[in-house]
Amino acid sequence: MWELKVESWRGNKVSRLEHRAFDWKSKMPMKLTSLKLAMAVTAAGLLLSGCMETANYEATNTAAFKQRDKELLSKVRYEQVQPSETYRRAIVEFHRKETPGSIVVDSDNHYLYYVMNDGKAIRYGITVGEEAMAWSGIAKIGAMTEWPAWHPTKGEIERLGVPTFVPPGPDNPMGSRAMYLYSGGKDTLFRIHGTNQPEYIGQSISSGCIRMTNEDVIDLYNRAKMGTIVVVLAPHHSDSPFGGSSQMASTGIGSVQ
């Protein structure tokens with residue numbers, strides 16, 4: 001939606017500039033007309049570039065995979081769909097005032113950010129919970145597991161008809177890594193974890209947890225640590241990538257809803 005609006009705006013802007021150029025030609029010398037037109041077009045381009053987020057896409061570094069990762073990922077039976085370019089891992093500009101090393105989840109736009117220094121962040125595409133099951137607030141990573149088992153909640157068992165226990169492995173919905181979110185020293189029952197349904201990255205279908213591709217969650221797991229603060233923005237409260245002044249992650253103020 002936003003891209004269409006930007007393109008539409010750009011189209012209107014250019015069309016207005018061309019119309020003005022036509023009027024100028026009837027009243028001004030050719031060289032002066034060309035100079036002013038070039039300056040106007042340059043100004044419009046700068047204005048547009050200030051509203052666009054640049055992204056440097058990152059390929060998966062399989063050298064960081066452990067032998068067990070390579071073995072289990074080679075046995076996956078799900079279709080290995082790659083997320084669209086919109087949700088591919090990338091280094092982007094990040095202007096929220098959060099502490100480097102913290103994690104910010106923008107559920108509205110299906111992005112998770114790992115905050116870096118110098119106004120940068122690693123942006124990952126994610127699957128988030130349906131609106132009725134979504135959650136927001138501040139938590140910390142209280143536990144971390146490689147290739148976790150799945151212990152569905154009572155509600156998930158009743159709603160989804162799943163077994164009470166699913167062992168670790170490539171067919172486990174928890175995927176290759178899990179980071180368990182705690183608030184007030186207690187497990188919130190929400191996690192950041194992998195998935196065996198990569199085709200849903202960029203959508204809102206999960207039971208509330210934050211899903212990433214198995215490759216991306218391994219990358220995030222290798223960067224995060226116990227105690228890392230995780231800020232999950234409330235629905236309809238996401239910031240523009242060029243604005244915002246939240247310092248929630250640096251203070252740790254807030255609670256899981």
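Which residue stands opposite valine 231 in β12? Isoleucine 138 does. The model is predicted.

- Strand β12 spans residues 229–232 and contains valine 231.
- Valine 231 is buried, with a relative accessible area of 0%.
- In a regular strand, side chains alternate between the two faces of the sheet.
- In β12 both faces are covered. Ile229 and Val231 lie on one side, Val230 and Val232 on the other, and all are buried.
- β12 pairs with strand β7 (residues 137–146) in the antiparallel sense, over four bridges.
- β3 and β12 run parallel and are joined by three bridges.
- The C-alpha atoms of valine 231 and lysine 140 are 8.6 Å apart, although 91 residues separate the two along the chain.

**Aromatic pairs**

- A pair of aromatic rings is described by the distance of the centres and the angle of the planes.
- The model holds three aromatic pairs, counting rings whose centres lie within 6.5 Å.
- Tyrosine 87 and tyrosine 111 have ring centres 5.6 Å apart and planes at 45 degrees, so this pair is tilted.
- Tyrosine 87 lies in the loop between α3 (67–73) and β2 (90–93), and tyrosine 111 in strand β4 (residues 111–115). The pair therefore ties together parts that are 24 residues apart in sequence.
- Tyrosine 87 counts as buried at 17% relative accessibility, because the cut-off for buried is under 20%.
- Tyrosine 111 is also buried, at a relative accessible area of 12%.
- Phenylalanine 94 and tyrosine 113 have ring centres 4.9 Å apart and planes at 40 degrees, so this pair is tilted too.
- Phenylalanine 94 sits in the loop between β2 and β3 (103–106), while tyrosine 113 belongs to strand β4. The two are 19 residues apart, and the pair links distant parts of the chain.
- Phenylalanine 94 and tyrosine 113 are both buried.
- Ring pairs join Tyr87, Phe94, Tyr111 and Tyr113 into a cluster.

**Arginines over rings**

- Arginine 123 lies over the face of tyrosine 111, at 4.5 Å from the ring centre.
- Arginine 177 lies over the face of tyrosine 221, at 5.1 Å from the ring centre.

**Helix α5**

- Helix α5 covers residues 214–223, and seven of its ten residues are buried, so the helix is largely enclosed by the rest of the structure.
- Its buried residues are Asn214, Asp216, Val217, Ile218, Asp219, Leu220 and Tyr221.
- Tyr221 is the residue whose ring face lies under arginine 177.

**Second largest pocket**

- The second largest pocket has a volume of about 620 Å³.
- Its lining counts 27 residues. Trp150, Glu156, Met174, Ser207 and Cys209 lie nearest the centre.
- The elements giving two or more residues to this lining are α4 (154–160), β9 (186–193) and β10 (204–206).
- β9 contributes the most, with five residues.
- By class, the lining has twelve nonpolar, ten polar and five charged residues.

How values were computed: Residues are numbered from 1 along each chain as its sequence is written. This is a predicted model: local features need pLDDT of at least 70, side-chain atom pairs count only at pLDDT 80 or more; totals for chains, interfaces and linings use all residues. Side-chain values use heavy atoms; hydrogens and water are left out. Rings of Phe, Tyr and Trp (its six-membered ring) pair if their centres lie within 6.5 Å; planes under 30 degrees apart count as stacked, over 60 as edge-to-face and the rest as tilted. Buried means under 20% relative accessible area, exposed over 50%, partly exposed in between (1.4 Å probe, protein chains only). A charge sits over a ring if NZ of Lys or CZ of Arg is within 6 Å of the ring centre and within 35 degrees of the ring normal. On a 1 Å grid over the protein atoms alone, a cavity is a set of points where a 1.4 Å probe fits but cannot get out, and a pocket is an open set with protein on both sides within 12 Å along at least five of seven lines; lining residues have an atom within 4 Å of a point. Grid points are joined across faces, edges and corners, and a volume is the space filled by probe spheres set on the points. Ala, Val, Leu, Ile, Met, Phe, Trp, Tyr, Cys and Pro count as nonpolar, Asp, Glu, Lys and Arg as charged, and the others, Gly among them, as polar. Two strands pair if DSSP finds at least two bridges between them.
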